[in-house]
Amino acid sequence: MPTVLELLRERKNQELWEKCCGFINLTIEQFMTIQQRLLLEQIELLKNCELGRHIMQGAKPRSLEEFREKVPVTRYADYASYLLEQREDVLPEKPLLWQHTSGRSSEFSYKWVPVTARMYRELGDAFMALLLFASCTESGEVTLDEDDKFLYGLAPPPYASGCWAHRVADENIFEFLPPIEKAEGMGFEKRVEEGFRLGLIEGIDIMAAISSMLVTIGERFGQGGGLKRAASLLTKPRLMPRLLRAVVRSKLACRPMLPRDIWQLKALISTGTDSVVYREKIKETWGRYPLDIYGATESVIIAMQTWDYADMTFVPNLNLLEFMPLAEYARWAADRAYRPKTLLLDEVIPGERYVILITNFLGGAFVRYVMGDIVRITSLRNERLNINLPQMAFYSRAD
């Protein structure tokens, strides 16, 4: 099978879209068929490992229905004795790497999470879908190019975002600012500063960062920080035309210089639960809306926006998705022995809010795992783009 780089290099746009973005063309029946097939494969792996037998409490389900009936809902405490020690011998599949959460949990300093080679491989297509959606105006359009400059403003490994950056870098398509191997030897602020220094000289085509950081950088530019940084690099010949164009743009608009005056980004991706709060401010300062994604360290990517920058479409091949009504969640939170009722994606009701549960596919560790997030199902399809799958928006934390 050709790689993403080969398809991009040969401008086989339709094949590239089908490989990475084809899930948006699924019917709900096709989506659920994928979910069931991958779950049955995962159940076999769980049956044959210590962690799986522990989590499933000896159950040996033979169908999706039996799985939901017999396997209990879990939280990280159910895995902690295995995962905090990074015990690979008990897992469904040997991990390629370990990543951890930000450490804001009230129970654990960090939550360590294994990532298998198959999960890592599939993550590549999912992240490429993000970039294609963030850079197009219609289905099938590809504006990305080999050697586009990619400024990655997220945390390094073992944080999940850093692992995602490595996965994109493995495709050898884009030029990272600063280079991955150099960036990981720097502190976060130094790395971002160096990325923008290089970006002023070489340009920036793609950027991924947390929403609040995008706003902060925009505000600093508006206060003159961008112009001062550029002035310190005036000996660089490639900077001068870019700086002159930026000065003209800002003067004609009768406002301070903004990032959008210096860079015309092809793609902008944001993370963080506050993305919806900052989206208009980000567009004002960067010249385009950020594409929002929903995921977590334990789940990798669950859903993403498409090129209309509206609500998000679920990804079928990384996790089984279950949706717990809020009343059921309240009963379960009060009594962990209670077996809450959940819905599958083909059963959700538009306008309703749910606590989301995930079961990792592809040899992952988590089974009917409570993410702790509330999502709202906004509709059963995206009418504008003719996507026949339920749409979601992040609502809040369940706690």
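**Notebook: salt bridges, strands, a helix, cysteines**

I looked up Lys 12 and found a salt bridge to Glu 10, with the closest N and O atoms 3.1 Å apart. I count a salt bridge when a side-chain nitrogen of Lys or Arg lies within 4 Å of a carboxyl oxygen of Asp or Glu. This is a predicted model, where local features need pLDDT of at least 70, side-chain atom pairs count only at pLDDT 80 or more, and totals for chains, interfaces and linings use all residues. Residues are numbered from 1 along each chain as its sequence is written, and side-chain values use heavy atoms, without hydrogens and water.

**Salt bridges**

I found 26 salt bridges in the structure. Lys 12 is partly exposed at 35% relative accessible area, and Glu 10 is partly exposed at 48%. My classes are buried under 20% relative accessible area, exposed over 50%, and partly exposed in between (1.4 Å probe, protein chains only).

Next I checked Arg 9, whose side chain meets that of Glu 146 in a salt bridge (2.7 Å, N to O). This pair links distant parts of the chain, 137 residues apart: Arg 9 sits in helix H1 (residues 4–9), Glu 146 in the loop between helix H7 (117–135) and strand S3 (149–153). Helices (H or I, at least four residues) and strands (E, at least two) are DSSP runs, numbered from the N terminus.

Arg 11 and Asp 145 also form a salt bridge, at 3.5 Å, N to O. I noted a salt-bridge network linking Arg 11, Asp 145, Asp 148 and Lys 266.

**Strand S7**

I then turned to S7 (residues 291–296). Five of its six residues are buried, so the strand is largely enclosed by the rest of the structure. S7 pairs with strand S6 (residues 267–271) in the parallel sense over two bridges. Pairing requires at least two DSSP bridges between the strands. With strand S8 (residues 300–304), S7 pairs in the antiparallel sense over four bridges. A hairpin of three residues joins S7 to S8.

**Helix H16**

In H16 (residues 326–334) I found Glu 328, Tyr 329 and Trp 332 buried. They cover an arc of only 100° around the axis, so they lie on the same side of H16. I took the arc from the directions from the helix axis to the C-beta atoms. Ala 327 and Ala 334 are exposed on the other side of H16.

**Cysteines**

I found zero disulfides (cysteine sulfur pairs within 2.5 Å). For Cys 136, the nearest cysteine sulfur is that of Cys 21, 7.5 Å away. Cys 136 is buried at 4% relative accessibility.
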